[in-house]
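Take a slow look at the fold before reading on. Then follow the chain with these paragraphs, one part at a time.

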Amino acid sequence: MAETQVCAASDVPENGVISREVGDELVAIYNINGTYYATEARCTHGMADLADGTLEDDVIECNFHFGAFHVPSGKAVQPPCFIALKTFKTEVRDGQVFVDLDTPAPTADA
Ligand code: FES
């Protein structure tokens, strides 16, 4: 899938996260101090929507079992999460957030 417009930048609160359906993927969009990131929104532990979790700096904590992920890299940083999140290249243009589901974020853990 090519780059897709997923929401307005203003839809994502500063230091907050929302989720949106993009095709078959539920995508979490984060605004961390004005920089936007996107990851898969389903927790790799138990399918919770990470947009229901708690964003603390650049770490999202899942509200089901309190595992956590580093948002820019997608890396799992707190058990019971061990599998990284997919990250997606994200850009803001003309006040809109665009996500490319085929391209990892440049900050992704290699
Ligand atoms: S579902 Fe997210 S930590 Fe278990």
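Which residue in S7 does Val59 stand opposite? Val59 stands opposite His70. To see where that pair belongs, begin with the whole chain.

This is a predicted model: local features need pLDDT of at least 70, side-chain atom pairs count only at pLDDT 80 or more, and totals for chains, interfaces and linings use all residues. Residues are numbered from 1 along each chain as its sequence is written.

The protein chain has zero helices and ten strands. Both are DSSP runs, numbered from the N terminus: helices are H or I with at least four residues, and strands are E with at least two. Along the sequence the pattern reads β-β-β-β-β-β-β-β-β-β. The C-alpha trace spans about 40 × 25 × 25 Å along its principal axes. A compact globule of 110 residues would have a radius of gyration near 13 Å, and the 12 Å of the protein chain agrees with that. This radius is taken over C-alpha atoms, and the globule rule is 2.2 Å times the number of residues to the power 0.38.

Now turn to the sheets. Strands of a sheet pair through backbone hydrogen bonds, either parallel or antiparallel. Here, two strands pair if DSSP finds at least two bridges between them.

Tyr30 stands opposite Tyr37 in S4. The two strands form a hairpin with two residues between them. Thr39 has Thr87 as its bridge partner in S9, and Ala38 stands opposite Phe88.

The other open sheet has four strands, in the order S5-S6-S7-S8, and its pairing is antiparallel too. Strand S5 (54-56) and strand S8 (76-78) are the edge strands, each pairing on one side only. The twist averages 30° from one strand to the next. Strand S6 (residues 59-61) and S7 run antiparallel and are joined by three bridges. Here is the place of the opening pair, Val59 and His70.

What lies inside? Of the 110 residues, 35% count as buried. A residue is buried if 20 or more other C-beta atoms lie within 10 Å of its own, exposed if 12 or fewer, and partly exposed in between, with C-beta atoms placed from the backbone. In soluble globular proteins, nonpolar side chains tend to be buried together. The largest nonpolar core has 26 residues, and Val27, Ala28, Ile29 and Leu50 have the most contacts inside it. Such a core is a set of buried Ala, Val, Leu, Ile, Met, Phe, Trp, Tyr and Cys residues joined through C-beta atoms within 7 Å. S3 gives the largest share of this core, four residues.

Two residues are in contact if their C-beta atoms, placed from the backbone, lie within 7 Å. Not counting residues up to four places away in sequence, Val27 touches Val6, Ser19, Arg20, Val22, Ala38, Glu40, Ala41, Phe88 and Val99. Cys43 is found in the loop between S4 and S5. It counts as buried because it has 27 C-beta neighbours inside 10 Å. Beyond four places in sequence, Cys43 touches Ala48, Leu50, Cys62, Phe64, Gly67 and Cys81.

Finish with some backbone details. Most residues other than glycine have a negative phi, and most peptide bonds are trans. Asn33, in the turn of the S3 and S4 hairpin, has a positive phi of about 55°. Asn33 counts as exposed, with 8 C-beta neighbours inside 10 Å. Met47 has a positive phi of about 75° although it is not a glycine. Met47 is placed in the loop between S4 and S5. A cis peptide bond joins Pro79 and Pro80, with omega about 10°. Pro80 sits in the loop between S8 and S9.

Terms used. Axes fitted to C-alpha atoms, helices over the stretch in contact; angles between N-to-C directions.
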